[in-house]
Amino acid sequence: RRDFAFFYIIAMGECLVNEKCSRIVNKIVIFLTYRTGRSVHISGTCQNAKIWKSLPEKRGCIMSKKRAYIRKRRSVHLRCRQKAENARKVRSRQKPVQSPEPASVTFQAAATLWHRTNVARYKGATAVKYENLLRSHILPELGARQLEEINTLLLADFMNAKLHCGRLDHSGGLSSSYVRSMMLLVLDIMEFAAAEGLCPPVKTTLQTPAANRQEVVILDTDTLRRLETYLLAKPDITGTGILISLHTGLRISEVCALRWEDIDFRKAVLHVRSTVARVRGTDGGTATRLIIDTPKTKSSLRDIPLSRQLMAVLLPLYEKRRSEYVISDKSGFVSPRTYEYRFHRVLDRCGLPSINYHALRHTFATRCIELGVDVKTLSEILGHANVSTTLNTYVHSSMERKREQLEKLFVESY
């Protein structure tokens, strides 16, 4: 009843006590005073807590509070609108990634849009490889074509031409692995364009060429013994890097980026935290440069225990170190190409045939399997994301291992 001059509210029960009760009562008083314009007196007791609220007779006090509240809300609203307007102006000045109109989309426009969208997915040498494929082979022949013109037959002709006479100097065809990478990139761009609604998807599956699996050279027992004997007789920074790869399976880019601080001599643990990567130059041209970067995958970040024999080689070199990098005697790191050249010089001095540096990693993995190391442990040491990569790529049975297994079969049969 709004015409009552006084309202009496009795707070009873245990639910309204002390401060909580006071806050509720204050809200009721303000509401009733505003609606009636009259003084509101509230009294009551609740567990020895005296509640008493009295407001002035005049309604102006409540109205002034309401006007102040309205002014405050209006000020906040204006500030929010101003911030939104400033953000809109900033966004309008930026160049958004806009999809071209489907009627006028060329493959080059789609490739540019794909590159801007996926630039953060790839690191180092992978990004440089894709940019070289686009610039040297794909865009000169497919760049000016409309996306609607590109179909399975056109892509098949393009692939076969690269296999037979795809070299830039027209001296022959490209390798199956290189053409396979090229076609996978083209198909990825076409799938991206179809997902963006720029063209219909390629309906027929294109059979890309199978990658040539070259036979990997593995050091046999005699060759491995001769190489280790030479390296241990004349220990130096170049030989130390070779021994590290033979006993830990590190890649050449990881050995070149290895710092002394990455080796925990107290716990005999090697921490793989960086690698040498080739990236595009800062001027935006075709030139590239080498940098120290993090590995491409999380599984490549790993900790490898060191054997006592390898620790005995590392400790004397650590005491005489002249660089922060393990295989360098200067302020900077050694490039993988330079270190590969030094590795071949060591092979010449040992009288051993020339092999690729990556064969040391293959040899390490194969020796671990032959010695009974479980595949899961070996996969973690090598930095692989799954065990199948270790089995299919790096584990190769030597001729001695094959002969040993066949001899077991002969004995069991007879």
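Modeller: **The sheet and its surroundings**

Strand 4 (residues 269-272) runs antiparallel to strand 7 and is joined to it by 4 bridges, strands being DSSP runs of E with at least two residues, numbered from the N terminus, and two strands counting as paired if DSSP finds at least two bridges between them. This is a predicted model, in which local features need pLDDT of at least 70 and side-chain atom pairs count only at pLDDT 80 or more, while totals for chains, interfaces and linings use all residues. Residues are numbered from 1 along each chain as its sequence is written, and side-chain values use heavy atoms, with hydrogens and water left out.

Within this pairing, H271 stands opposite D303 in strand 7. The open sheet has 3 strands in the order 3-4-7, with antiparallel pairing. Its edge strands, each pairing on one side only, are strand 3 (263-264) and strand 7 (302-305).

T275 counts as buried because its relative accessibility is 13%, where buried means under 20% relative accessible area, exposed over 50% and partly exposed in between, with a 1.4 Å probe and protein chains only. Leaving aside residues up to four places away in sequence, T275 touches S253, E254, A257, I291, I292, D293, T294 and P295, a contact being heavy atoms within 4.5 Å.
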